[in-house]
Each structure stands twice: as C-alpha cells, then as structure tokens.
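The questions below take them in turn.

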Amino acid sequence: SSNEGDGFPPRIHDDDSSRRIDNVRRIFAISDLHTDSLENMQWLVDRCTAADGTANENGDNENNKSSRLTPGPNDALIIAGDISHDLDIIRDTLSTIVNNLQCHTFFIPGNHEAWIGGSKMDGMGLTDSFAKLEKVVEVCDALGVHTTAKLLIGGSGG
C-alpha cells in the first residue's frame, strides 16, 4: 500500500505550515541564465538592481517597466536550471538574486548543474553528477533558496 505522502509530486496540505508560503502576489519563472557568460551575468545584475527605490506599498515601481517585470518581496521566482556548471558562479548568481530581489526563490537544477569534469570539479572530489547536485543543494540551502516543493498561497493567506 502507498502512503499519501509518497511519490511525486509530493502532496502538500494547507495545514503543513513548514511547506507553505503565504501572501505570494506573483509567480515568475526563468531558465537558462548561463551566467558563466559575463554578458549574461551583467544582464542579471542590471535587472536585479534596476529599481530606483520609489516602490509603492505593494513593492511595485509603477514608473519603471523593468521593475514591474522583475520579482520583488512577496513574489516567487522559479529558476528552472542552467545557471552554470561552476558552483562559485551558481552561488554568485543566486546571491545576486536573493540579496537584490528579496523574493521567494526556487531553483530546479538543470543539465549544466549536473555536469562534472575539469580540474576544479576533480579538485573538489566530485566524481558523479549526484554528488555534484548535492553540492548545488547545499549552496541553495545556505542562501535560503528553495529546492523542494512548497505550497504558495496568494493574497492574505486564502
């Protein structure tokens, strides 16, 4: 027999407060940031620091189109893989997002994060993709980036 909590996707109930995030206004998604390219990293930094500080009570900057299209407090951002194969770049990228946007950030690793090889990976003792992905999750955990399912509740919690 199967328990209700087994399997995928995981079942999350309203009464499981550790697995829910209340008052989420908007949900954004992006993928393939590839911030190992300096041009892409600069785009991200520019995007994350574009607000001019004149946000309204909802956290919106109504005079800045870029700001309206960028997550902020009470928003959620899902990053669907392919930041980089380099753990330091993954850390820098997620730090830029978390520290500047202050949104609920989720990360789903892609094939680039699972890639191993090269002297840097060898020096870290990473010999398989599963070990590498564990390191990626450790980076996310240290930054408060979610890597597990959460129930997002809109508005005032209902």
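Q: Across which strands does H3 lie, and at what angle does H3 run to S3?
A: H3 lies across S3 and S4, and its direction is at about 170° to S3. Angles over 145 degrees count as roughly antiparallel. The coordinates come from a predicted model.

Q: What is the overall make-up of the protein, in helices and strands?
A: The protein has 6 helices and 5 strands. Read from the N terminus, their order is β-β-α-α-β-α-β-α-α-α-β.

Q: What makes H3 and H6 roughly parallel?
A: The axes of H3 (residues 87-101) and H6 (residues 129-143) cross at roughly 25° and come within 10 Å. Because angles under 35 degrees count as roughly parallel, H3 is roughly parallel to H6. The crossing of H3 past H6 is right-handed.

Q: Which residues of H3 and H6 meet?
A: From H3 come Leu87, Ile90, Arg91, Leu94, Ser95 and Val98; from H6 come Lys132, Lys135, Val136, Val139, Cys140 and Leu143. Sorted by class, this contact of H3 with H6 holds 8 nonpolar, 1 polar and 3 charged residues.

Q: Why are H1 and H3 called roughly parallel to each other?
A: H1 (residues 38-48) packs with H3 at an angle of about 10°, and the axes are 9 Å apart. The limit for the term is under 35 degrees, and H1 and H3 are therefore roughly parallel.

Q: Which residues make up the contact of H1 with H3, and how do they divide by class?
A: Met41, Leu44, Val45 and Cys48 in H1 meet Asp92, Thr93, Thr96, Ile97, Asn100 and Leu101 in H3. The contact of H1 with H3 divides into 6 nonpolar, 3 polar and 1 charged.

Q: How do you know which strands form the open sheet, and in what sense they pair?
A: The sheet has 3 strands in the order S2-S3-S4, with parallel pairing. Two strands pair if there are at least two bridges between them. S2 and S3 are joined by 5 bridges in the parallel sense, and S3 (residues 75-79) is joined to S4 by 4 bridges, also in parallel. The twist averages 20° from one strand to the next.

Q: Why do S2 and S4 count as edges?
A: S2 (26-30) and S4 (104-107) each have a single partner strand, so one side of each is left without a neighbour in the sheet.

Q: What makes S3 largely enclosed by the rest of the structure?
A: Of the 5 residues of S3, 4 are buried, so the strand is largely enclosed. For the protein, 32% of the 158 residues count as buried.

Q: Is threonine 105 buried or exposed, and how do you know?
A: The relative accessible area of threonine 105 is 2%. Buried means under 20%, so threonine 105 is buried. Threonine 105 is in strand S4, where it is the bridge partner of leucine 77. With neighbours within four places in sequence left aside, threonine 105 is in contact with Leu77, Ile79, Ile97, Val98, Gly144, Val145 and His146.

Q: What sets the phi of asparagine 23 apart?
A: Most residues other than glycine have a negative phi. The phi of asparagine 23 is near 60°, a positive value in a residue other than glycine. Asparagine 23 is found in strand S1 (residues 20-24).

Q: Where is histidine 34 found, and why is it called partly exposed?
A: Histidine 34 is found in the loop between S2 and H1. Its relative accessible area is 23%. Buried requires under 20% and exposed over 50%, so histidine 34 is partly exposed. Its phi is positive, about 45°, although histidine 34 is not a glycine.

Q: How many of the contacts between residues at least 6 apart in sequence join residues at least 24 apart?
A: Of such contacts in the protein, 74% join residues at least 24 apart.

How values were computed. Residues are numbered from 1 along each chain as its sequence is written. This is a predicted model: local features need pLDDT of at least 70, side-chain atom pairs count only at pLDDT 80 or more; totals for chains, interfaces and linings use all residues. Side-chain values use heavy atoms; hydrogens and water are left out. Axes are lines fitted to C-alpha atoms, for helices over the stretch in contact, and angles run from 0 to 180 degrees between N-to-C directions. Helices (H or I, at least four residues) and strands (E, at least two) are DSSP runs, numbered from the N terminus. Angles under 35 degrees count as roughly parallel, over 145 as roughly antiparallel, 65 to 115 as roughly perpendicular and the rest as oblique. A crossing is left-handed if the near helix is turned anticlockwise from the far one by less than a right angle, and right-handed if clockwise. Contact means heavy atoms within 4.5 Å. Ala, Val, Leu, Ile, Met, Phe, Trp, Tyr, Cys and Pro count as nonpolar, Asp, Glu, Lys and Arg as charged, and the others, Gly among them, as polar. Buried means under 20% relative accessible area, exposed over 50%, partly exposed in between (1.4 Å probe, protein chains only).
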